[in-house]
Amino acid sequence: MQNILRRLGYLRRFLFFLTLSLGVILFSWIVTAQQPVTLNLLMTAPDAQPWQQGMVKDFEAENPGIRLNIIEGPNATNLLEDLYTSAFLLGDSPYDLVNMDVIWTPKFAAAGWLRDLTDQISQEELAAFTPQDVEGGRYEGRLYRIPIRSDVGMLYYREDLLKEAGLEPPETFQDLMRVSKALQQQGKVNWGYVWQGRQYEGLVAMFVEVLEGFGGFWVNPDTLEVGLDRPETLQAIAFLKDTVQEGVSPPGVTTYQEEETRRFFQSGQSAFLRSWPYVWPLANEETSQIKGKIAIKPMVHAPNQTGGACLGGWGLGISKTSKHPKEAWKAIQYFTSIEAQRRFILSAGYVPSRRELFTDPEIVAKYAHYPQILEVVQQAVLRPPIAQYAQVSDILQRYLSAALTNRMTPETAMKSAANETRQLLVQGKS
Ligand code: GLC
């Protein structure tokens with residue numbers, strides 16, 4: 001009898017512990033199931049601010065099961081690319097979404113770091129974006145990146161000063177020099193023109209525009225022909241060197257990135273600036289010295305040539321190793337939707353990737369120059385969309401910077417740049 005009672009006691013305790021453990025397991029399962037999925041995303045610090053201010057909160061409010069963790073990286077796109085690259089090379093990348101500059105797609109796709117998004121989106125849906133931006137997301141016919149904002153290089157100028165002096169906005173490189181010098185001589189401004197001359201990706205983005213304006217080319221993506229040792233390239237370098245030698249550009253330009261040039265122009269120190277559309281809302285802020293005094297136009301060119309416009313821009317891809325591809329795709333759909341883009345553009349002043357937003361009444365009421373930007377975007381050219389782009393760009397950055405800072409003659413520098421580029425592309429082919 002006692003035995004039976006003891007056994008019953010054991011059984012009761014056993015059942016008690018079993019229920020307790022099952023309860024604990026069930027409870028933690030419910031808690032985990034309810035825990036939001038966190039998507040990690042790395043972007044440049046200036047980009048992160050407008051995201052954090054609005055877009056992310058709106059997205060999370062609409063998607064309570066998903067959190068977005070934005071990690072701020074360095075300002076220069078090539079440094080950000082290095083961070084993504086080392087994360088992918090190490091294996092399990094911590095990033096779910098990949099915020100990609102338009103020039104990264106071929107390399108990241110060729111390395112197998114991205115999910116193929118081709119079947120996630122229909123042709124009709126893609127047709128709403130500017131074709132150039134969509135092209136920037138393709139590699140070997142497959143789609144890896146959905147454009148979230150476009151970007152294009154343009155010439156900013158002080159409309160007020162030109163009007164006061166009775167001068168027309170420049171069309172050619174010579175005009176730009178002449179008008180700058182006239183404004184400087186009249187004491188209206190200390191400097192004529194600022195551009196990005198530091199050794200980094202922004203230098204080549206600026207340079208391809210000047211190169212195109214002289215009728216030259218860098219790498220032909222179809223034939224892999226290299227144009228760096230042709231006379232047009234030397235003319236393009238000569239123009240940039242002249243801006244400094246003739247006192248039109250400050251000697252410091254060879255150390256400037258976008259933000260240094262924007263601050264320079266915005267503080268009223270120069271009449272012209274080459275930059276991207278993000279400058280517009282900042283230069284027109286209440287506190288800006290040039291608020292309401294500027295205009296934009298396509299980049300200047302040599303006589304009988306057309307102005308070059310470099311296509312920039314950012315888009316989202318999904319990392320191959322992400323454990324949350326469904327949620328990541330949801331985020332992409334949200335951030336590229338018309339509503340989210342409209343809000344993002346109205347608050348951050350970026351250029352949309354959806355064509356219809358360039359002429360959207362609410363957007364045009366705030367940014368009257370957007371229809372004009374769409375025209376420039378549609379004529380813009382991609383930097384060579386090839387898998388070896390990062391290396392090809394690094395070669396040009398190094399030699400161009402050496403030529404601009406008088407460490408090498410332009411001839412020697414470009415001969416070496418052309419040869420190294422050819423060697424690299426031949427190796428890549430075999
Ligand atoms: C802008 C452009 C990007 C370009 C970079 C260069 O961010 O959108 O495409 O590579 O500037 O600095």
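Student: Which domains does the shell around the ligand draw at least three residues from?
Tutor: Keep in mind that this is a predicted model. The shell takes at least three residues from domain 1 (37-151 + 312-369), and at least three from domain 2 (173-303 + 388-429) as well.

Student: And how many residues surround the ligand?
Tutor: There are 13, and the closest are D101, D151, E258, G313 and R383.

Student: OK, contacts next. How far is the side chain of E258 from an oxygen atom of the ligand?
Tutor: An N or O atom in the E258 side chain is 2.6 Å from a ligand oxygen. D151 also has a polar side-chain atom 2.6 Å from an oxygen atom of the ligand. For W276, the distance from a side-chain N or O atom to a ligand oxygen is 3.3 Å.

Student: How much of the ligand does the protein bury?
Tutor: On its own the ligand exposes 320 Å², and 92% of that is buried by the protein.

Student: Which pocket is it in, then?
Tutor: The ligand sits in the largest pocket. Two elements, α9 (201-213) and β11 (311-318), each give two or more residues to the shell.

Student: Which element gives the largest share?
Tutor: That's β11, with 3 residues.

Student: Switching to the backbone: where is L224, and what is its phi?
Tutor: L224 is in the loop between α9 and α10 (231-245). Its phi is positive, near 65°, and L224 is not a glycine. Most residues other than glycine have a negative phi.

Student: What about N304, is its phi positive or negative?
Tutor: Positive, at about 65°, although N304 is not a glycine either. You'll find N304 in the loop between β10 (294-297) and β11.

Methods: Residues numbered from 1 in each chain as written. Predicted model: local features only at pLDDT ≥ 70, side-chain atom pairs only at ≥ 80, totals over all residues. Heavy atoms only, no water. Near = heavy atom within 4 Å. Polar contact = N/O pair within 3.5 Å; in protein donor to acceptor, adjacent residues only side chain to side chain. Areas by Shrake-Rupley, 256 points an atom, 1.4 Å probe, with all protein chains shown as cover. 1 Å grid on protein atoms, 1.4 Å probe; cavity = no way out; pocket = protein on both sides within 12 Å on 5 of 7 lines; lining within 4 Å. Sits in = over half its atoms within 2 Å of the grid points. Helix = DSSP H or I, 4+ residues; strand = E, 2+ residues; numbered from the N terminus. Domains from an automatic or database assignment.
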